[in-house]
Amino acid sequence: MIEIKNISVTYPDGTSAISDISLAIGDGESAALIGANGAGKTTLLLSIVGVLPAERGLISVDGIELGKKSLSEVRRRVGMVFQDPDDQLFMPLIYDDVAFGPRNLGLSEEAVEKRVDAALSSLGIAHLRDRSSLRLSGGEKRIAAIATVLAMEPTMMIFDEPTAFLDPKARRNLINLLRRLPHGKLIATHDLSFAEEVCPRAILLKNGRIFADGRTGELIRDDRLMDECGVEALR
Amino acid sequence: MADIRSKIADIYSLEQLSLKKSWVHDRHPLVKLASTFLFIILVVSFDRYELARLAPFIFYPVILMALSETPWPIVLKRFALTLPFCLFAGISNVIFERKTAFILMGLNISVGVVSLFSIVFRAFLCVTAVLLLIAVTPMSRITAQLRRLHLPDIFVTLFEMLYRYIAVLLGEASTMYTAYMLRSTEFKGLQMRHMGSFAGQLLIRSYDRAERVYNAMKCRGYDSFAARGKKKRLSAADYLYLAATCLPLIALRIIDVRAAYSIVF
């Protein structure tokens, strides 16, 4: 479970990125984070995993409060999938990319291999194990990036624009995959139909603040609400 | 674009060989690092005219390549990249050191030519030894071992990042270059007057990208201290590898093999 209480993040130039945000995502719950560009979606995700430290407020994951000492434990429990899979795939082989996290956990090579194989098999990409990410399609890269996070065995997963750059078939595969994953999920997206299919709950952000929080199907069809957030409603 | 991507894949193809299985691959990174380091120290310790004494050192890379089944062309291709630098370093010797060293088939071979060959051969041996180390040991294990040897963390991290970001830098450069070329139909290649802004943009973009990659690494538990990994004990086979590589090398350095040449030939 992720609990966020009154967090604020300000960039070094003084710009307030998010302010006074409070929300909770339960175990197994899927929530979409929707908002215009610059609304603070990515900043919120990065602050949950401690990449962008919040100057005020409190973040806790499974009851563990985010702090310097608990940073690695929080990052083990919350897996973040970045917008661009190329940011996440930097090793010579997919195997090494997926093994990167478990190795950092200090697991033995046998345990690492088990985790890698389990992550790749569960996503149906075991055949990519010994391939280089440079030779994969956009859809394959996206799934491989998810595998790199799954191998850490997180309890919660957060995604930044997971459908960006995907063709319709790859997007459909991703939707089916995310629906199968039992983890709690917080997904920042502009893709409203995707949000509706994967997340029963949606959180609307506007200028770094929560503007609305409710059922995805209702929020994304509310013209007035979506217009105020700078997002086009789904028709 | 595809060409650049295949070039990037080519850069890392040597490291992909390190995932193969062989007796050499299975050895502890410490013994492989130690033998490579000793080999380089011994090779550079010879006088620059001692080509004859250097010659037997070729057996180290040859045997290692055979045992690890590392393809010759991959190693030679990479050595070829360093060849111009070696030639540049040795060419002045040919010009300034004209004293005859020996006569070969009626040709006067000067001391400078011997020195040039010595530099190129020495570079070949050292570069090949390092390339072989990379080909038989995953980079993550090499850097973890360097950390365990208490090399300054900042140097090892810089080395790791530099190695990883070659692909990032090339990828960014190729994207920018493609975008540039698509809007400059009447020009061939990057114009001089755009070089400055191109390089500046490349620096900013690659810095930005590098930061995102680093964030992704941190999110999966990366910290340079933990990157030391678990300490693994040396096995009997590791000691055997160390003895089988280092003892002959030390012997070749101590014994003057030129006497052996005169007996054989």
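**Salt bridges and the A–B interface**

Let's start with the charges. Over all chains, this structure holds 26 salt bridges. By salt bridge I mean a side-chain nitrogen of Lys or Arg within 4 Å of a carboxyl oxygen of Asp or Glu.

A word on the source. This is a predicted model, where local features need pLDDT of at least 70 and side-chain atom pairs count only at pLDDT 80 or more, while totals for chains, interfaces and linings use all residues. Residues are numbered from 1 along each chain as its sequence is written, chains are lettered from A and ligands numbered from 1 in the order in which they are written, and side-chain values use heavy atoms, with hydrogens and water left out.

Now the interface. How many residues of chain A are in contact with chain B? The count is 27 residues of chain A, against 24 residues of chain B. Contact here means heavy atoms within 4.5 Å. The size of an interface is often given as the accessible area lost when the parts come together. Here, chain A and chain B bury about 2,400 Å² between them. Of that area, 59% is on carbon and sulfur atoms. Buried area is the accessible area, taken with a 1.4 Å probe, that two parts lose on being put together, summed over both.

Which residues of chain A lose the most area to chain B? They are A:Asp87, A:Phe90 and A:Leu134. Together they make up 24% of what that side buries.

Keep your eye on A:Asp87. B:Arg212 forms a salt bridge with A:Asp87, with the closest N and O atoms 2.8 Å apart. A:Asp87 also meets B:Arg209 in a salt bridge, at 2.7 Å, N to O. A:Asp87 lies in helix α3 of chain A and B:Arg209 in helix α10 (residues 192-219) of chain B, so this pair joins two chains. Helices are DSSP runs of H or I, at least four residues, numbered from the N terminus. Are these two partners buried or exposed? Both A:Asp87 and B:Arg209 are buried. Buried means under 20% relative accessible area, exposed over 50%, and partly exposed in between, with a 1.4 Å probe and protein chains only.

Polar contacts next. Across the interface, the rule finds six residue pairs in polar contact, both residues at pLDDT 80 or more. A polar contact is a pair of N or O atoms within 3.5 Å; within protein, one must be able to donate a hydrogen and the other to accept it, and residues adjacent in sequence count only if both atoms are side-chain atoms. On chain A, α3 (85-88), α4 (94-104) and α6 (138-150) each give two or more residues to the side that touches chain B. The most come from α4(A), with six residues.

Now within the chains. In chain A, A:Glu196 and A:Arg221 meet in a salt bridge, at 2.6 Å, N to O. That pair links distant parts of the chain, 25 residues apart. A:Glu196 counts as partly exposed, because its relative accessibility is 32%. A:Arg221 is partly exposed too, at 41%.

In chain B, B:Arg147 forms a salt bridge with B:Asp153, at 2.7 Å between the closest N and O atoms. B:Arg147 has 1% relative accessibility, so it counts as buried. B:Asp153, at 33%, counts as partly exposed.

Last stop: helix α8 of chain B, residues 139-148. This helix is mostly covered, with seven of its ten residues buried. Among them are B:Met139, B:Leu146 and B:Arg147. Just after α8(B), B:His150 takes a positive phi of about 65 degrees.
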